[in-house]
Amino acid sequence: MSALAPGAVLGIVGGGQLGRMSAIAAARLGYRAHILTQDADGPAAQVAHALTLGRYDDHDALRRFADAVDVITFEFENISADGLDLLSSIRPVHPAGRILRISQDRIAEKTFMAEAGIPVAPWQAVHERADLDQAAEALGYPFILKTTRLGYDGKGQARIHDADGLDAAFDTLRPHPLVAEGMVHFACEISVMVARNAQGDVSTFDVTENRHSNGILDISLAPARIPPDLAAQARDLARRIAVALDLIGILGVEMFVDRDGSLRVNEIAPRPHNSGHWTMNAWPGDQFEMHVRAVTGLPLPPAIRHSDAVMTNLIGPDDMALWPRIMATPRLLAHHYGKAEARPGRKMGHVNVLFPQGGLPGEFGVEAALGPLAGTR
């Protein structure tokens, strides 16, 4: 695959904040971004060169979109894999639709991991109610029951503490089948962003330590505060997954660090990822530039950060009420997604704070560095 020349058009399926930041990165590299979206004033539409308005399963809209671009990528997983198949019959699509299918279905994802020799938490597929009893016996209480598709930010899952919760969870979580996952007694959650291009070059960012609140990523620390050998293992796992998938693009790999020091992969996301937003200020480019480089055939530079970083999401409306104070605080590097309505639980933007390499502070230092956001997490 030869690199696309400046002026070529990158098609992005999806009009959210990841599409917005990918479009901005594409512009820095001399490309124009064309967005397929249903929202004419969404985050990505506000910065795009061109739009196609239509559903992700509308064949006419998909064809119009594909005819107007040179290469296609996507910014979130909850889109039509069949639609990507249609797009790929007209233009190159990266990452490939088969990778999207794996990431869209937790059973397919865990099966792929097992076949690739990637460690995951114990799990059982739950097709019928009787399967749930078998899963409870095999996994023990408590365990997590999840939908296989369309779950994000803590949605589509339930923690089951005893047999009394089985019926309600099975009846509430739909569609079936479901997947039951054993609880991991983890010390922390981490992630690795890994990029790979068509030439097989692979570049991995530093391991990130992640904390969640109400099922939504709250704070990311880069680098993760784990031993160097464990960080090297995490990056190697991400690299192995990218190669096994024959990835072209960027991939977020979420993992648990068990209390015994072992790693277990939780899930993968074949796109830029919330936990990689720290790269926007702590690396000469960012995860979005790396993704654009990979899908357009450009070389991948080493993903070497120049600073340690803390990233925190801005969740509306409470965090956005602090926007004027955030903008008045010099060390807070704020990124607004252009969303008009700050609904509860909605990601409205994020803030990065930088520290010298090796200077990531402890808990009190992180809290103090967040300025007006301190004490609100």
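Which loop holds P95? P95 sits in the loop between α3 and α4. The model is predicted. A cis peptide bond joins H94 to P95.

**Helix α1**
- Helix α1 spans residues 17–28, 12 residues in total.
- From first C-alpha to last, α1 reaches 17 Å, close to the 16 Å expected at 1.5 Å a residue.
- Because 9 of its 12 residues are buried, α1 is largely enclosed by the rest of the structure.
- The buried residues of α1 are Q17, L18, G19, R20, M21, S22, A23, A25 and A26.
- Strands β1 (9–13), β2 (32–37), β16 (333–336) and β17 (346–355) are among the elements that these buried residues pack against.
- Helices α9 (279–282) and α10 (287–296) are also packing partners of the buried α1 residues.
- After α1 comes G30, with a positive phi near 95°.

**Nonpolar cores**
- The largest nonpolar core has 29 residues. Within this core, I190, I241, V253, M255 and V265 touch the most other members.
- At least two residues each come from helices α4 (97–104), α5 (106–116) and α8 (228–245), and from strands β9 (186–196), β13 (249–258) and β14 (263–269).
- Helix α8 gives the largest share of this core, 8 residues.
- Leaving out residues up to four places away in sequence, V265 touches M113, I118, P119, V120, A121, L237, I241, V253, E254 and M255.
- A second core is separate and has 20 residues, including L10, Y31, V292 and L298.

**L230 in α8**
- L230 is part of helix α8.
- Its relative accessibility is 7%, so L230 counts as buried, the cut-off being under 20%.
- Beyond four places in sequence, L230 touches V257, G261 and L263.
- L230 and G261 are 31 residues apart in sequence, yet their C-alpha atoms are 7.7 Å apart in space.

**Cavity**
- The count is 1 cavity of 30 Å³ or more. The largest cavity has a volume of about 30 Å³.
- Its lining consists of V13, Y56, L62, I79, S80, G83, L84 and L87.
- Helix α3 (residues 81–88) supplies the largest share of that lining, 3 residues.
- By class, the cavity lining has 6 nonpolar and 2 polar residues, with no charged residues.

**Second largest pocket**
- The second largest pocket has a volume of about 290 Å³.
- Its lining has 14 residues; S213, N214, I315, D319 and T376 lie nearest the centre.
- Strands β12 (216–222) and β15 (308–316) are the elements that give two or more residues to this lining.
- The pocket lining divides into 4 nonpolar, 6 polar and 4 charged residues.

**Backbone exceptions**
- Most residues other than glycine have a negative phi, and most peptide bonds are trans.
- At the H94–P95 cis bond, omega is about -10°.
- A cis bond also joins A222 and P223, with omega about 5°. P223 lies in the loop between β12 and α8.
- N214 has a positive phi, near 55°. N214 belongs to the loop between β11 (208–213) and β12. With a relative accessible area of 75%, N214 is exposed.
- D246 also has a positive phi, near 55°. The loop between α8 and β13 holds D246. At 43% relative accessibility, D246 is partly exposed.

Note on methods:
Residues numbered from 1 in each chain as written. Predicted model: local features only at pLDDT ≥ 70, side-chain atom pairs only at ≥ 80, totals over all residues. Heavy atoms only, no water. Helix = DSSP H or I, 4+ residues; strand = E, 2+ residues; numbered from the N terminus. Expected span 1.5 Å × (residues − 1). Buried < 20%, exposed > 50% of the residue type's maximum accessible area, 1.4 Å probe, protein only. Contact = heavy atoms within 4.5 Å. 1 Å grid on protein atoms, 1.4 Å probe; cavity = no way out; pocket = protein on both sides within 12 Å on 5 of 7 lines; lining within 4 Å. Points joined across faces, edges and corners; volume = space filled by probe spheres on them. Nonpolar A, V, L, I, M, F, W, Y, C, P; charged D, E, K, R; others polar. Core = buried A, V, L, I, M, F, W, Y, C linked by side-chain atoms within 4.5 Å.
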